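This report describes a two-chain model, beginning with the contact between the chains and then turning to each chain separately.

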Amino acid sequence: MRVLIFSCAAGLLFLLCGLQARCQLFLGVEGGPNMNYLTTSNASEPFTKYDGMRGWNIGIPVGYRFSDWLSLQTAPTYIQKNYNIVRTGFFTGVYQKNYNTYLQLPVSLRFSFGGKSLRGFVDLGGYAAYWKSGRIQGVEPNILNEVDTAYETVNPTSILGENYGYSYNQAYTFNSAKDNRFELGLIGGLGISYELFQTYTFYLEGRYYRAMTDQQKHYETSQAPRYNDNYGLTLGATVEVKKIISTLFKKH
Amino acid sequence: MKLSIRTFVLRVGFAGAVGVFLLLAGCRKTISSSPEATAYPGDNYPDIFQSFWNGMNTNYVFWGVDKTNWDNVYTVYKPLFDQLTIFDSANEALAEQYFAQMTEGLIDSHYTLEFMLTGNGFSPSQYRKLQTDPNYFTDSAFPGAVLDSLIPAKYIDPASLHIGTDTVNLEGSNEPFTAVSGTINGNILYLYFSAFALSQAGANTYPVFNYFFSVLHSGVPALKGIIIDLRGNGGGEISDLDLLVGQMVTSEYTFGYTRYKNGVNRLDYSPWAPAVVKPWVGGSVNVTVPVVALADHLSVSMSELTTMAIKSLPNGNGKFIGTQTWGANGPLTSSVYFDGGQFTIGSSAFGSTGYMFVYTSSSMFKYINGDIYEGVGVPPDIYARETNAAYLAGDDLVVDKALQYINTK
């Protein structure tokens, strides 16, 4: 059945391709900043919030343009998905910035519309990612490093007035019982592109990566799941592979 | 014709892709929002159970090290609590029995359940120790007998003897607080105190500590060693660590690490923070002579942490002589300060003291060598234990061993 579906899909794509003058393989480079949020529950953590954090991503888009309105593409990407756990009120000053790096492989369909050179497009697809590494940087109150050891009995105005803060900036140590390093998700994007000499394409895209899998393994009952929601602005450029080949093997 | 097919395929394809995208996007698991343990009404047993189980899930700081299968506890005990339909004495007895069974294997050796309706309590570590040795609390002559009639009379140089007893308040209850200090053989400085409540030293005990620290700072010309006797010491205030050990060092040093909960799930922990001893703000000296901590099976909490701090003294001059300690060394402080640790359940239904108070560590402690002694106890460098026979013969075998050790240095 799967073979049949795949064959039909491939046949349809070739049919579409045959209807068009421009069936081209392209590759390029893309990158840009992103803002990542960890979506979870902190209902039982008073004075705690999860803030989004900026990161960046860079990728190598490779795709096949079936027609001037449809292309299939992927882009092996190095992407940061960061977030910040921030304590508030009496606990102000306590935080943990989580810098997480993923190797991500998206696959998406690009639907283009508009004029000949300047066009709009919508990307829809999915991705698989591997949580490559992490770094944590923050401050936590240190229970065995008290501020008032002379019994001055001054009421502290914050937790860091009670216990000295421990500042850390270290690699995150993965816990195989807890951390789910494989992430699957969806991609939605909206952008504009400009085509130059029918060879080069430049584009600017707002992209949303929505993780569909928990950042943790399911290791306990009543576990609060954690999902990355990543909003990025991507600037990219692609070139027709045919053009590269013809340039490389051009006879002088 | 070509254009219309293209438009048709474009629209259908795009609509289909959007539809699939939206359909899949909605498939993400719902974010559960278990409330704080204290937020449950607690006006029925199933609710009490749920709030306790969730509170432990979120606040207990030894998950990952503790082998208790907390999910299995849920599976087994939820149906049992569901059968307790009303609050009466029979159901309360059953509920307390269930709570004890649920927690009897927890390694946190501070851990105590306090049932406010009946005044009963349950300590897993105490339960386990009595299961192993019914005479755990009675087979040692220390601290009372040895201290009252042996050490001051036999070991301490009479002219140097300082001894006193005050009353201090430890976690809401008034307790006698005794301190003894003096020299042994003229050149070994000895200090005993029954709890870490040095900030509360009163008219009778303040002179004892004043004497000890004065001698320490003035440096008895031929001071050969220092004995800090922590046997039978049940612990107390963390700030006493710098006040006591911090007066024997002139630079900060690390003797272990602590970590805390930093999320709602069971394995959400902060990184390990160094547990440090700082030179005391009122002054300190660089002690290079042997410093011996005496501790035993009744040395708990701060006395265990202090023992480990002495073992790790930066000059390498610390030694622990005695027997394996109680095994409650996860530091503990007020529940408002850390995400994990002690909590109360059933406050909405039963008032501010709630149905049950769960006394548990705020953080997990790891010794400098990487070992976690929670539920196990700190092993001595040199084993020595007082016996009734030795006591009756007028000997404190542990002090004897300490003197022997110091005299060989």
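The contact between the chains takes 53 residues from chain B and 51 residues from chain A, two residues being in contact if their C-beta atoms, placed from the backbone, lie within 7 Å. On the side of chain B that touches chain A, the elements that give two or more residues are helix H1 (2-25), helix H2 (45-59), helix H3 (70-82), helix H9 (240-244) and strand E8 (273-277) of chain B. Helices (H or I, at least four residues) and strands (E, at least two) are DSSP runs, numbered from the N terminus. H1(B) gives the most to this side, with eleven residues. By class, the side of chain B that touches chain A has 26 nonpolar, 18 polar and nine charged residues; Ala, Val, Leu, Ile, Met, Phe, Trp, Tyr, Cys and Pro count as nonpolar, Asp, Glu, Lys and Arg as charged, and the others, Gly among them, as polar.

The model is predicted: local features need pLDDT of at least 70, side-chain atom pairs count only at pLDDT 80 or more, and totals for chains, interfaces and linings use all residues. Residues are numbered from 1 along each chain as its sequence is written, while chains are lettered from A and ligands numbered from 1 in the order in which they are written.

**Helices and sheet of chain B**

The axes of H2(B) and H3(B) come within 9 Å and cross at roughly 165°. That angle makes H2(B) roughly antiparallel to H3(B), a label for angles over 145 degrees, where those under 35 count as roughly parallel, 65 to 115 as roughly perpendicular and the rest as oblique. Axes are lines fitted to C-alpha atoms, for helices over the stretch in contact, and angles run from 0 to 180 degrees between N-to-C directions. From H2(B), the contact is made by Tyr45(B), Pro46(B), Phe49(B), Trp53(B), Met56(B) and Asn57(B), and from H3(B) by Trp70(B), Tyr74(B), Tyr77(B), Lys78(B), Phe81(B) and Asp82(B). The residues of this contact between H2(B) and H3(B) divide into nine nonpolar, one polar and two charged.

Chain B also has an open sheet of three strands in the order E8-E7-E13, with antiparallel pairing. Two strands pair if DSSP finds at least two bridges between them. E8 and strand E13 (364-367) of chain B are the edge strands, each pairing on one side only. The twist averages 40° from one strand to the next. Strand E7 (residues 253-259) of chain B pairs with E8(B) in the antiparallel sense over five bridges, and Thr258(B) stands opposite Ala273(B) in E8(B). Helix H10 (residues 302-311) of chain B lies across E7, E8 and E13 of chain B and runs at about 140° to E7(B).

**Strand pairing in chain A**

The secondary structure of chain A comes to three helices and twelve strands. Of its 252 residues, 35% count as buried, meaning that 20 or more other C-beta atoms lie within 10 Å of the residue's own; 12 or fewer make a residue exposed, and values in between partly exposed, with C-beta atoms placed from the backbone. Among contacts in chain A between residues at least 6 apart in sequence, 66% join residues at least 24 apart.

| Partner of E7(A) | Sense | Bridges |
|---|---|---|
| E5(A), residues 77-80 | antiparallel | four bridges |
| E6(A), residues 83-87 | antiparallel | four bridges |
| E8(A), residues 118-146 | antiparallel | 20 bridges |

In E7(A), Phe111(A) stands opposite Leu70(A), Tyr102(A) opposite Ile79(A), and Tyr95(A) opposite Val86(A). Leu109(A) stands opposite Leu124(A) in E8(A), and a hairpin joins E7(A) to E8(A) through three residues.

**Individual loop residues**

Ser222(A) has a positive phi of about 60° although it is not a glycine. Ser222(A) lies in the loop between strand E11 (200-211) and strand E12 (227-240) of chain A, and is partly exposed, with 16 other C-beta atoms within 10 Å.

Ser301(B), also a residue other than glycine, has a positive phi near 60°. Its place is in the loop between strand E9 (291-295) and H10 of chain B. Ser301(B) counts as buried because it has 25 C-beta neighbours inside 10 Å.

Tyr136(B) is in the loop between helix H5 (124-132) and helix H6 (144-149) of chain B. Tyr136(B) and Leu298(B) are 162 residues apart in sequence and 9.0 Å apart in space, C-alpha to C-alpha.
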